[in-house]
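Please look over the sequence and structure shown here before reading the briefing that follows.

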Amino acid sequence: MTEDEVHMSHALALAARGLGRTWPNPAVGCVIVKEGRILGRGWTQPGGRPHAERMALDQAGQGARGATAYVTLEPCAHHGRTPPCAEALVAAGLARVATALTDPDPRVSGRGHAILRDGGVTVTERVCEARARQLQAGFLKRITQGLPFVTLKLAATLDGRIATATGESRWITGPQARRRVHLMRMTHDAVLTSSATALADDPDLTARDLGAAHQPLRLLADSRLQTPPDSRLGRSAKDHPVWVIHGPAAPDTARAAWAATGARLIEAPTEGPHLNLTETFRLLAAEGLTRLLIEAGGQFAAALIRARLIDEIALFQAGCLIGGDGTPVLGPLGLAALGDAPRPRLVETATLGPDTFTRWSF
């Protein structure tokens with residue numbers, strides 16, 4: 001790797017620390033280097049402030065003058081709760097700024113680079129661009145498409161079953177796989193489940209067994225509010241935030257009962273008895289969510305695939321067999337021909353104790 005790639009890789013690793021914690025802001029990393037010595041580094045803090053550049057500049061102090069800053073996303077150019085980072089970098093006397101991506105946000109979109117150049121700072125663009133684009137996939141999709149980046153988590157047997165004929169499903173996979181799922185929850189803005197899964201499994205969707213773990217926002221898609229408010233999600237809503245997405249026909253009594261738990265209720269359009277999933281996800285993106293993890297049953301998963309709302313699948317597969325009388329991992333996709341079958345691309349494989357993990361990208 002070149003020297004620029006080494007330092008940008010460092011900045012990308014720092015940025016990854018913010019995943020799931022910074023929405024609606026992007027998770028950005030910054031490293032300030034002079035004569036081969038790292039003078040400052042930072043990453044976007046929980047809630048989006050302070051920005052990575054501000055943290056790194058505060059560490060570097062006067063040493064930033066004449067140095068190079070490696071930033072994983074074009075520095076902001078608009079005034080918010082803090083002045084633009086592009087202006088701060090100019091004021092600090094940076095000689096050069098290397099960035100990985102141009103920010104597609106209309107408030108920035110090249111203006112940050114222009115402020116730097118107008119201030120006499122040399123700008124090098126597109127350093128480790130592909131890796132940065134993958135890291136920022138959620139932010140980029142929300143800005144450019146008005147939708148969150150969606151990961152569908154599936155856990156199944158070798159023959160593609162998620163429960164026995166009697167409904168038993170705990171535990172198909174082992175502790176290493178479950179720990180990886182909890183890590184995934186930590187790096188997503190929110191985890192969403194369906195009413196069918198909430199009624200069958202009563203999940204709480206928190207990240208556990210990882211020390212003082214960051215907790216994601218928890219979402220329940222329940223068009224008619226059939227899930228009881230005394231479920232685990234309802235009982236813990238005051239401890240860890242819960243949003244319940246429902247349709248216009250949800251009864252007022254159920255709305256009041258859920259509101260009493262401390263959960264936030266969001267009304268979304270429906271198609272027949274079910275939520276309009278595309279419009280539901282647009283509402284979530286408008287609320288600032290960038291990365292969404294789906295943990296639900298086969299019917300809901302299939303509906304998301306049919307609606308083309310899934311960006312990647314995280315599949316945990318156990319070395320056991322249940323048979324055709326078990327519950328399939330996916331509901332019907334309505335395919336008439338094999339050529340119509342979705343064919344995601346394999347991007348990662350891992351062994352997790354007795355189980356295997358594969359990640360697939362659409």
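**Briefing on a predicted model**

The lining of the second largest pocket comprises, by class, 11 nonpolar, four polar and nine charged residues, where Ala, Val, Leu, Ile, Met, Phe, Trp, Tyr, Cys and Pro count as nonpolar, Asp, Glu, Lys and Arg as charged, and the others, Gly among them, as polar. This is a predicted model, in which local features need pLDDT of at least 70 and side-chain atom pairs count only at pLDDT 80 or more, while totals for chains, interfaces and linings use all residues. Residues are numbered from 1 along each chain as its sequence is written, and side-chain values use heavy atoms, with hydrogens and water left out.

**The second largest pocket**

- A pocket is an open set of points on a 1 Å grid over the protein atoms alone, where a 1.4 Å probe fits, with protein on both sides within 12 Å along at least five of seven lines, and its lining residues have an atom within 4 Å of a point.
- The second largest pocket holds about 640 Å³ of space, a volume being the space filled by probe spheres set on the grid points, which are joined across faces, edges and corners.
- Its lining is made of 24 residues, and those nearest the centre are Gln 134, Phe 149, Arg 291, Glu 312 and Arg 359.
- Among the elements that give two or more residues to this lining are α5 (129–135), β15 (312–318) and β18 (355–361), helices (H or I, at least four residues) and strands (E, at least two) being DSSP runs numbered from the N terminus.

**Cysteines**

- Zero disulfides are found in a search of the whole structure, a disulfide being a pair of cysteine sulfur atoms within 2.5 Å.
- The sulfur of Cys 30 is too far for a bond, because the closest cysteine sulfur, in Cys 85, is 8.5 Å away.
- Cys 30 is buried at 0% relative accessibility, where buried means under 20% relative accessible area, exposed over 50% and partly exposed in between (1.4 Å probe, protein chains only).

**Ser 9 and His 240**

- Ser 9 has its place in helix α1 (residues 3–16), and its side chain is joined to that of Arg 131 by a polar contact of 2.7 Å.
- His 240 lies in the loop between α9 (232–235) and β10 (242–246), and with 27% relative accessibility it counts as partly exposed.
- A polar contact is a pair of N or O atoms within 3.5 Å; within protein, one must be able to donate a hydrogen and the other to accept it, and residues adjacent in sequence count only if both atoms are side-chain atoms.
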